[in-house]
Amino acid sequence: MRTFAVAATLAGLLIAGCSNHWGAPIAALSYDAGWRPLPIKAWVLNDGVSAQAMSLCPRDSCARQGFAALLSFEGKRADAMEQALAADPARLARAFARPASRDPSQAKAKPRPKTTTEVARFAADGGHGLLVEIAAAATGKRAATAILYGRSEGRLVLALAVSPDPDSARQDALAAWRSR
């Protein structure tokens, strides 16, 4: 599903673009449970964005695959991200449902599968939360992204998780949030 493709692409870019510098693991997402920390220390990010921890639970070692990350934003990037996350949930749902930009040189793009997108707000451990669920109309397959965010020492701290199950996405995002 698109959400897992994004997470897998992100994980691949991290591994390919990094030297062998591992970030701190997300404590509640243990190696014994199949979670693998990703190398992040040499990851080149845009100014004002940094990664504290990222973990992947791949299909071959987990009953329930997933991705979790703890990021921080500073300055104008923090303000812009916070404003985007505080937007109207219907607007966020449309943004998540929009297809990724395509290369204009492609002759004819494949038709997109029909999906439904729902966005709900929640709060946990002093953070503001968003839960985004995307479901394929034809197959019923689902994916969820949970995001917890809040300010700390002038920075915007963001924990996110991607999972096939919305409850798992929330739990994994909360685990990343608690590791800050």
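**Arginine 178 and its partner.** I began with arginine 178, which counts as exposed at 55% relative accessibility. For my own scale, buried means under 20% relative accessible area, exposed over 50%, and partly exposed in between, with a 1.4 Å probe and protein chains only. I then looked up its salt bridge: the side chains of arginine 178 and aspartate 125 meet at 2.5 Å, N to O. The pair links distant parts of the chain, with aspartate 125 in the loop between S4 and S5 and arginine 178 in helix H4, 53 residues apart. Aspartate 125 is partly exposed, with a relative accessible area of 42%. I noted that a salt bridge here is a side-chain nitrogen of Lys or Arg within 4 Å of a carboxyl oxygen of Asp or Glu.

**Ground rules.** This is a predicted model, where local features need pLDDT of at least 70, side-chain atom pairs count only at pLDDT 80 or more, and totals for chains, interfaces and linings use all residues. Residues are numbered from 1 along each chain as its sequence is written, and side-chain values use heavy atoms, with hydrogens and water left out.

**Confidence.** I checked pLDDT, the predictor's confidence in each residue from 0 to 100. The protein chain averages 82, and 76% of the residues score at least 70. Over residues 2–20 the pLDDT is below 50, and this stretch has 34 contacts in the model beyond near neighbours in sequence. A contact means heavy atoms within 4.5 Å.

**The other salt bridges.** How many salt bridges does the structure hold? I found five. One of them joins arginine 64 to aspartate 172, with the closest N and O atoms 2.9 Å apart. Arginine 64 sits in the loop between strand S2 (49–57) and S3, and aspartate 172 in helix H4 (residues 166–178), 108 residues apart. Helices (H or I, at least four residues) and strands (E, at least two) are DSSP runs, numbered from the N terminus. Is aspartate 172 buried or exposed? Aspartate 172 counts as buried because its relative accessibility is 2%, while arginine 64 is partly exposed at 28%.

I also followed glutamate 82, which forms a salt bridge with arginine 151, again with a closest N and O separation of 2.9 Å. Glutamate 82 lies in helix H2 (residues 75–85) and arginine 151 in strand S6, 69 residues apart. Asp79 joins Glu82 and Arg151 in a network of salt bridges.

**Strand S5 and its neighbours.** Next I looked at S5 (residues 127–136), where nine of the 10 residues are buried. S5 runs antiparallel to strand S4 (residues 115–124), joined by 10 bridges; strands pair if DSSP finds at least two bridges between them. Valine 119 stands opposite valine 132 in S5. Two residues lie between the strands of this hairpin, and aspartate 125 takes a positive phi near 45°. On to S6 (residues 142–152): eight bridges join it to S5, also antiparallel. Histidine 128 has tyrosine 149 in S6 as its bridge partner. Five residues separate S5 and S6 in their hairpin, and glycine 140 in the turn has a positive phi of about 80°.

**Serine 72.** Last, I looked up serine 72 in strand S3 (residues 66–73). Serine 72 is buried, since its relative accessible area is 1%. Its side chain makes a polar contact with the side chain of serine 50 at 2.7 Å, and another, of 3.3 Å, with that of glutamine 52.

Conventions:
A polar contact is a pair of N or O atoms within 3.5 Å; within protein, one must be able to donate a hydrogen and the other to accept it, and residues adjacent in sequence count only if both atoms are side-chain atoms.
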